[in-house]
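Okay, everyone, thanks for coming. Let me put the structure up and we'll walk through a few bits of it together.

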Amino acid sequence: MKFYNFKIAFIVLSCVPFGSYATSLQQAARAALTYDSALQSSQMTSEADQQKYWQGMAGMLPTLTLEGNWDRQEQPDKKYQSGVTNHSYDLSVRQPLFDMSKYAGWRKGVAIANTAEAQSKKAEEKLLNAISNAYFSVLYQQEVLQAAKAASHNFKQQQQKLQAGILNGQNTRTELDEAKANYALAQAKEIEASSQLLLAGEAFRRLSGVSPDTVEPVNFQCLNASPYASLTDAINASQQRNTEIKIALFQNDQADADVLAADGAHMPVVSLYARYGKNWSRNDNDDNLLYDAIFGTNSKSNNLQYGVNVSIPLFAGGSQISQSYEAAYRRQAAKYSIMEAQRKAATDTRSAWLSLTNGKALINAQKNAVESSREKVVSVQYGREMGFRTVNDELDAQQKYFSALKDQAEARFNYLNALINLAQSTGSLSIDMLNFFQCR
């Protein structure tokens with residue numbers, strides 16, 4: 001039995017790696033976290049927004065002020081001019097005792113800082129999802145290119161064999177034309193696969209700065225266990241940890257703080273204050289020493305003042321009432337945003353879960369399809385040598401085999417992306433989680 005050509009193609013396709021592997025998915029993700037400029041910008045924006053916490057806290061702390069003054073009073077209309085020089089300083093401290101706007105400012109600062117942290121986490125998750133997709137795309141296109149090359153090699157060998165058979169009267173022109181058509185189609189698919197691999201590699205390089213030729217294959221033996229026992233567990237996890245839901249909750253906290261600040265505009269403001277100061281003055285007609293000429297000795301006074309200040313708003317044209325209504329409406333909108341984020345997280349989790357469970361079954365089915373297609377090729381080759389099958393039957397079987405290989409690669413690619421999407425929707429996508437794909 002002369003199955004040599006096809007067996008060689010199958011062995012090359014199954015056993016020979018595409019390139020030298022060195023970069024795992026986690027390593028690529030770490031490189032992307034330091035290489036991607038959009039993420040760096042998002043992180044700096046988050047750091048800036050987190051300063052709102054300290055700004056809100058500062059509003060409830062005492063304020064300390066030191067003021068100094070120097071002035072000169074002249075009397076030019078007097079016949080005998082006599083000027084007076086004054087020096088003074090004041091040290092004052094004020095502590096809010098009851099000021100709802102200050103408290104609301106602190107509450108809003110906390111909410112803004114928490115929102116900024118969650119948005120930074122969201123940007124990181126988005127990048128991890130993108131780099132994972134790019135990583136898997138490179139692996140997928142490598143498999144597609146390998147299958148295309150194997151098919152092209154096999155059909156070329158088949159065409160050469162049939163050309164030799166025509167000279168010996170063993171084959172027909174129709175069989176040769178069929179082989180030529182399959183070879184031409186295989187070459188076109190090889191060119192297309194090569195182009196798609198280059199595009200996938202450039203997308204991967206743009207995100208991580210790492211050469212796509214170094215990516216390490218995913219170990220599918222690590223992916224047998226499901227990350228959650230059931231869909232209900234996955235949805236519950238998404239409701240607790242999903243980043244979009246956390247952002248919506250923190251934005252609702254901001255809306256609550258705005259309502260508090262708007263209502264506080266109708267409330268009294270109470271603050272404790274204390275002031276200490278000293279004043280010197282000097283008349284030009286006095287005969288003083290240098291020290292007294294600088295600081296003055298005609299009049300010296302110390303002032304100490306303290307007390308409680310109460311300010312009660314009465315009417316401000318109705319703008320504060322309008323602001324209260326506005327804040328109330330925005331708080332209601334924020335509550336609907338929470339509801340929408342929860343529903344979206346549940347939908348995304350359900351979609352990823354179904355893609356994961358169906359994808360696992362599809363991978364097993366495609367594995368069986370590849371094995372069946374390979375066995376059919378061998379069987380048809382044997383049947384053709386025995387005179388029961390034609391060359392066209394053999395070429396058709398080989399075409400279906402290589403098509404099954406591509407479908408298997410696509411099923412794996414979709415399954416890997418479903419794992420990443422499920423991790424993101426449930427809030428568990430992190431740099432450490434990516435070790436899962438290489439059994440580490």
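So, let's start with two helices, α5, residues 100-167, and α6, residues 173-208: their axes come within 7 Å and cross at roughly 160°. Keep in mind that this is a predicted model.

How do α5 and α6 run relative to each other, roughly parallel or roughly antiparallel? Angles over 145 degrees count as roughly antiparallel, and therefore α5 and α6 are roughly antiparallel to each other. As for handedness, α5 passes α6 in a left-handed crossing. And if you sort the residues in that α5 and α6 contact by class, you get 23 nonpolar, twelve polar and seven charged.

Staying on α5 for a second, have a look at Lys 121 and Glu 125. Both of them sit in helix α5, four residues apart, so to speak about one turn of the helix. Searching the whole structure turns up eleven salt bridges.

Okay, on to the surface. There's a nonpolar patch there, made of Leu 97, Phe 98, Met 267, Leu 272, Val 308, Val 310, Ile 312, Leu 314 and Phe 315. Together, those residues have about 960 Å² of accessible area.

Which strands each supply at least two residues of the nonpolar patch? That's β2, residues 84-98, and β4, residues 299-311. Leu 97, for one, has its place in strand β2.

Notes. Residues are numbered from 1 along each chain as its sequence is written. This is a predicted model: local features need pLDDT of at least 70, side-chain atom pairs count only at pLDDT 80 or more; totals for chains, interfaces and linings use all residues. Side-chain values use heavy atoms; hydrogens and water are left out. Patches are made of residues with over 30% relative accessible area and no salt bridge: like charges are joined within 9 Å, nonpolar side chains (Val, Leu, Ile, Met, Phe, Trp, Tyr) within 5 Å. Accessible areas come from the Shrake-Rupley method with a 1.4 Å probe; for residues, only the protein chains shown count as cover. A salt bridge is a side-chain nitrogen of Lys or Arg within 4 Å of a carboxyl oxygen of Asp or Glu. Axes are lines fitted to C-alpha atoms, for helices over the stretch in contact, and angles run from 0 to 180 degrees between N-to-C directions. Angles under 35 degrees count as roughly parallel, over 145 as roughly antiparallel, 65 to 115 as roughly perpendicular and the rest as oblique. A crossing is left-handed if the near helix is turned anticlockwise from the far one by less than a right angle, and right-handed if clockwise. Ala, Val, Leu, Ile, Met, Phe, Trp, Tyr, Cys and Pro count as nonpolar, Asp, Glu, Lys and Arg as charged, and the others, Gly among them, as polar.
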